[in-house]
Amino acid sequence: MNKLIYFKLELKRNIKLLPYLLIGAAAISAIMGVIAFCSSKIMYYHKPPEKATIALATDDKSQLVSLVISSLSKNESISTLFQVKQTDSITARKMAISDKAIIGIIVPKDFFSSLSKGINPPIKIYFSSVTSIKTMIVTQLTVALQNALRAAEAGIYTNYDFYASYKEYEAERVANEKLDEDYLSEALLHKKTFHKVRLSATGSLDLKTYYIASGIMVVLLLLGCIFILRAKNVDTIVLLKLKQNKIGAALQALIRTTCIFITSFLVFGIGIIAFCFIKKQIAIHVSLTLRSTLINGALLCLCCSAIISFSCSMMSHRLSAILFLFTFTIGCAFVSGAFLPTILLPDTFNRLAKFLPTTYLLKTAGCIFKGDIVKKNSLILFYYYVGFAMADLILTNHALLGPLKSTRRDDA
């Protein structure tokens with residue numbers, strides 16, 4: 001049989017599978033949608049943090065200090081993790097020592113007025129014995145407060161020296177009152193200590209886009225079950241006849257992989273076109289570029305086709321081959337973070353994921369929606385393609401040698 005005719009026949013048989021592949025792709029995509037929905041609930045389940053207590057006491061009865069302290073509990077940086085309890089100095093100290101409060105703060109008498117006089121009575125701070133992330137945060141807050149107060153004093157003294165050099169003492173008093181208000185408010189309230197940053201378990205991709213990328217990878221691999229069903233319908237005798245007609249194991253494996261690749265790429269293209277039509281309805285805002293989509297898509301389909309063809313050669317029976325491909329896909333995809341992002345998986349899985357093709361398939365699928373072409377990922381996927389293709393060739397050749405030897409013995 002002519003090699004080109006054989007290739008055309010194989011491609012035609014694969015193209016006829018297109019309706020079944022599209023139905024299968026839709027079904028697997030629906031399952032991935034359910035997984036994405038459930039995973040989002042697990043990842044972003046929000047439980048309000050348990051607040052630690054800050055015991056605060058003041059012996060300074062000045063109006064400004066009272067205003068600052070009363071506003072302290074309303075400050076967003078503080079109120080997110082802590083509740084401020086005003087009490088007397090003895091109780092504040094006891095609460096910190098007995099671990100009823102994470103910290104006890106005691107502001108001394110005439111603290112406000114002493115700043116402009118250079119007396120500097122210290123604010124007493126008592127830490128509890130509790131060790132936690134909140135302790136670290138409140139410690140950093142006290143260090144920041146100390147540095148802010150030093151800067152405030154330096155500003156007050158500089159302000160005094162400036163006006164004193166011109167003997168404008170009344171103007172200095174007015175300016176100092178304004179400085180006192182500004183510095184103390186900023187130092188005690190920490191208006192800009194913390195900035196809210198939303199951490200995403202899915203990295204640079206938003207959750208929906210991440211699971212669409214995962215879905216592309218899983219769909220392309222699991223559609224191999226349909227290809228295996230068709231490939232395993234061919235009798236071994238036919239494959240032997242092809243070999244006798246100079247279409248050997250290497251060429252059979254290459255043509256099988258190529259036909260799977262072309263058909264998979266068609267499914268991928270139809271899927272991308274469908275995505276472009278519905279992305280506005282599912283509130284996904286990504287800019288697909290033709291170059292990135294074609295190159296990354298081709299690499300995805302090429303590597304997946306080699307894995308599918310390898311699975312077909314790996315097992316002699318169709319059900320065994322399907323089970324192998326299914327187990328391989330689901331197991332590797334899970335370890336690579338297709339169902340739950342790797343940040344939520346054990347470190348052992350993260351170390352193992354570096355050696356799995358699904359890790360780089362997932363990254364390449366994600367690059368489609370970022371408009372990137374990562375050379376490292378592309379090169380690694382090509383290496384995986386070569387590795388699986390070589391293994392497929394060896395297994396195909398081995399599968400044909402067995403019946404051929406048996407036939408020769410029968411003829412003898």
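User: Why are α13 and α14 called oblique to each other?

Analyst: This is a predicted model, where local features need pLDDT of at least 70, side-chain atom pairs count only at pLDDT 80 or more, and totals for chains, interfaces and linings use all residues. Residues are numbered from 1 along each chain as its sequence is written, and side-chain values use heavy atoms, leaving out hydrogens and water. Now the helices: the axes of α13 (residues 290–314) and α14 cross at roughly 140° and come within 8 Å. Angles under 35 degrees count as roughly parallel, over 145 as roughly antiparallel, 65 to 115 as roughly perpendicular and the rest as oblique. So α13 and α14 end up oblique.

User: What makes the contact of α13 with α14 nonpolar, polar or charged?

Analyst: Its residues split into nine nonpolar, one polar and no charged. Ala, Val, Leu, Ile, Met, Phe, Trp, Tyr, Cys and Pro count as nonpolar, Asp, Glu, Lys and Arg as charged, and the others, Gly among them, as polar.

User: And why is α14 roughly perpendicular to α16?

Analyst: Helix α14 (residues 318–336) packs on helix α16 (residues 357–370) at about 65°, with the axes 8 Å apart. That angle is why α14 counts as roughly perpendicular to α16.

User: How do you know whether Asp 392 is buried or exposed?

Analyst: Buried means under 20% relative accessible area, exposed over 50%, partly exposed in between (1.4 Å probe, protein chains only). Asp 392 has 1% relative accessibility, so it counts as buried. Its place is in helix α17 (residues 375–411).

How values were computed
Helix = DSSP H or I, 4+ residues; strand = E, 2+ residues; numbered from the N terminus. Axes fitted to C-alpha atoms, helices over the stretch in contact; angles between N-to-C directions.
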